[in-house]
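Subject: Structure handover

Hello,

Here is the structure I said I would pass on. Please load it before reading the notes below.

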Amino acid sequence: MNNLVRVSTNDDVTVITIDNPPVNALSPGVPEGILAAIDQMNQDPAIKAAVVIGAGRTFVAGADIKEFGKMTSGVRSRGSLLPLLLRIEDSRKPVVMAIHGSAFGGGLELAMAGHNRVASPSAQVGQPEVNLGIIPGAGGTQRLPRLIGVAKAVEMCAGGKPVSAREAASLGLIDQLIEGDLAAGAVAFARSIAESPVSKTRDRSEKLGSAAECAAIFATARDSVRKKQRALLAPLAAIDAVEAATQLPFEEGCQTEARLFTECLFSDQSKALIHVFFSEREVAKIPDVPKETPALPVNRVAVVGSGTMGGGIAMVFVNAGIPVVLKDVDQAALEMGLNRIKRNYATSVQRGRFTQSYVDERLELIKPVLSYDAFSDVDMAVEAVFEGMAPKKTVFAELDSACRPGAILASNTSTLNIDEIAGATSRPESVLGTHFFSPANVMRLLEIVRGKKTSKEVIATCMQMSKKLGKIGVLVGNCRGFVGNRMFGPYRREAQFLVEEGADVAAVDEALVEFGNAMGPLATGDLAGLDVGWRIRKEYRHLEKPGVRQPFAEDRLCELGRYGQKTMKGWYQYDENRRASADPEVTTLVRKWSAEAGIPQRQISASEIVDRCIYALVNEGARILEEGYALRAADIDIIYLNGYGFPPYRGGPMWHADTVGLPKVYQRICELQLQHGELWTPAPLLKRLAEEGKTFAEYDKQQLAAA
Ligand code: 3H9
C-alpha cells in the first residue's frame, strides 16, 4: 500500500502488515495505508475478511509521539486518526486485529476500531497516554468503556497502566488468545467469523451502566486521582472523557474527547512528560561510546559491604538473576546485613510484590563471605563501604589483587573522586562509579561515573547492565558529588539558609511539596541521615572559601546528636512509627544560633522558598552542563526525576527553567546575587542562553549536532 504498510493474501483473507520500525507507531501514512488496504479488500469479491498485524516485535505502540511536538509548535495540524478509524470500523467485511507485543494508545484505539481482536498471550494492551500528559485522542475513551465497562475503562485511561492479554481477554477486550503462530491463528479466526455480520464497537452500549452506577465510579476515580496523582491534569481529563461516553452519543463523546485531548496536548505538563519520555531513552546514547561497543559479560558479581547500601545493591543484582558474593568484615556485620535483606524481602512478600518462593530463590543466589577468596571468578565487584577516601582506597587495592584481570571494579561512592580511588589499583581502565540511590532496590536511578581512564567497554557494559537491573543509568563525569549530589548541595544549602533567616522548618518543606517534589529538602535530610552530609562537609571543609556564608544549622543539630529519623530527632521529632512532627526545640535553637550569627529574621514567602531552592538547582545544573560533567540538560532532568523526587510533570529542573523562560530565571538569580552575594553568581551558560533567548533544550540539540 505504501512503504509502511504491506498487503498479502492468504487465500480468502487479506493480511495487512504494519511495518514501521521500531514500534510500528501510527506515523503519517500508516493509518492511511491500512485504510486503503481495507477499501481494496471490500472491493474484492474473492476476499472475505482482513487481518491487521504488526511486523517485528510489536503490534502498534501508539500514535507517533514525535508528531505531537510538531502539532504544538504549529508545524503540523492535528492528525486525522479518529475519522480514519471510523472508516476502518465501517468496513463491510470483518477486520481482525492481531496483537503481539503491545497495543498501546493509538495502537489500542486502532485495535478497537477493528471488529475483533486476537492476541498472543504475552501481549499487553493499554491507554498509557496520561503518562505523556494527554488522554486517548482517537476514540479510546469512547470505545473502551463500551467493550470492558466503565469502571475498568476509567482505571485504564486515568491510571495509564497496561493489562495483560489474558486479563484483556477476561474483560472482553480480546476475543481469542492465540498460542503459537499469531498470523496463522488470526487468519483462521478471521475465516471462522467471515460469514457473521460485523459488529461495530461504537454501536454497543450494554456495558455502559446506569447513571447512578457511573456517578459513583467517577466520583471515586476523581477522588483517587486528586490523592494519588496530585496536580496532574490528564487523569482528570481522561475521567471527564469516559464520563462523556456514558452521557453522550458516540460522535459527541468523541468531540468532547478531542477537545480535552487538545487542551492536554497544549499544556506545559504534556510537553514536560513528552520530554521525559524521549530523555529517558536519550540518556542511553553516549556520543563517543556507540551502541556497537562490545559489552563485557556480567554473570557473577561481588558486593563489598553489607550495610544498607551494599545489601540493597546485592538485592538489585539477585533480583535480576545475577548471583552475588556478599562480603563484610566480620560475622556480626554480615549477619546484620543478611537479616536486613531478609526483612526487606519479607516486607515485599507481605505487600504482595514477591512470592515467598521467589524470595527463597533470590536468597539462594547470595553467598555471604568474610574473605576475598570467592572473588577470583566474579565479573564485577561493587564496593559499598563507609564513605571516606581512605577505606575506599584500601578496599580497591584489595579488590585489585583479589579479582581476575579485566573484572570491573565499581565504587558506590556518592561524592568521592573516582580517579583517586582508581589510583589505588593497577587497572584504572576497569574502574568506575556506580552510584546507586537509597533504597538501592527501589530507586530507579543509577549514576554511572566515568573516570579519566575508564574504558568504553566498561561504560557500555554498565549502561546496558543498568537496563537489565531495571535501573535508568545516566553517565556522569567525575566532579565532587557528581551531578545529583553536586546540585543537591546548593538546594539543601538554601533550605537551611531559609530556616536560618526565619522560615519555619515545615514551611520550607511544604512549599517544595506544593511545588510537586515528593518530599521537602529538610525532611529528606532527616530520612537520609543528617550525619551523612555532616561527615562529607567535614572532609571537604578545607575547600570552603573563607568569608562566604555557609549554613550552620544542620552541623549544629548533628553536634547535638540529632541525625534525623535514625535518632528520632533531626529537623523534626519522630514517634516510634517514624511519623514526623514539628519540634519547638529546633525553632528555639535555630533562632538562638541565628541571633548569635547576626542573621536578621523576617517573614519568608512560599514563592521565595521555591525560587531559592529550585533556582539553586538550576544554576548549579547549568555549571555542570557547561563543564561537561553531564552530557545533556536532559540527563540532569532524568537524574532529578528518578533520584530526587522532582515532579515528572515539570520535566526536571532544567526543563522547568526552560518552561519558566531562561531570561526570567536569570533575572531572578541576579536579584538573589544582589541580596545574598557570590553563592548566587549566575552560571555563565545560563547567562549566555538567557541573553541569546535560547533554552537548555536548544543547547542540547546544538551540542548533539556538534558531536
Ligand atoms: C497516543 O497514542 C495518542 C493516541 O490516543 C492518538 C491521539 C491522536 N512514537 O521504549 P523503547 C521509540 S500517545 C514514537 O526504547 P522498548 C522510542 O523513542 C502514545 N516513537 O523500546 C525509541 O526510539 P530510539 C501512546 C516511539 O522495547 C524506540 O521507539 N503510547 C514510540 O523498551 C524504542 O522504544 C505510548 O505511550 C511512539 N509511540 O519499549 C507507548 N514508542 O530507539 C510508548 C516508542 O530512537 N512506548 N518509540 O530511542 C512505549 O511504552 C515503549 O516504547 C514500548 C517498547 C513498551 C512500546
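This is a predicted model: local features need pLDDT of at least 70, side-chain atom pairs count only at pLDDT 80 or more; totals for chains, interfaces and linings use all residues.

Residues are numbered from 1 along each chain as its sequence is written, and side-chain values use heavy atoms, with hydrogens and water left out.

The sheet. Helices (H or I, at least four residues) and strands (E, at least two) are DSSP runs, numbered from the N terminus. An open sheet of mixed pairing is formed by six strands, in the order S1-S2-S3-S4-S6-S9. S1 and strand S9 (176-177) are its edge strands, each pairing on one side only; two strands pair if DSSP finds at least two bridges between them. Strand S3 (residues 49-54) and strand S4 (residues 95-99) run parallel and are joined by four bridges. Within this pair, valine 52 stands opposite methionine 97 in S4. Helix H4 (residues 106-113) lies across strand S2 (13-18), S4 and strand S6 (116-119), and runs at about 145° to S4. For that angle, axes are lines fitted to C-alpha atoms, for helices over the stretch in contact (heavy atoms within 4.5 Å), and angles run from 0 to 180 degrees between N-to-C directions.

Threonine 9. This residue is in strand S1 (residues 5-10). Threonine 9 has a relative accessible area of 54% and is therefore exposed (exposed is over 50%, buried under 20%, partly exposed in between; 1.4 Å probe, protein chains only). Leaving aside residues up to four places away in sequence, threonine 9 touches Thr14 and Ile47. Its C-alpha atom is separated by 10.0 Å from that of valine 187, 178 residues apart along the chain.

Glutamate 387. This residue sits in the loop between strand S13 (380-383) and helix H16 (389-402). Glutamate 387 counts as buried because its relative accessibility is 16%. Its side chain makes polar contacts with the side chains of lysine 392, at 3.2 Å, and threonine 413, at 2.8 Å. A polar contact is a pair of N or O atoms within 3.5 Å; within protein, one must be able to donate a hydrogen and the other to accept it, and residues adjacent in sequence count only if both atoms are side-chain atoms.

Helix H21. In H21 (residues 521-528), the buried residues are Pro521, Leu522, Ala523, Gly525 and Asp526. Among the elements covering them are helix H19 (484-500) and helix H20 (505-515). Glycine 529 follows H21 and has a positive phi, near 105°.

Regards
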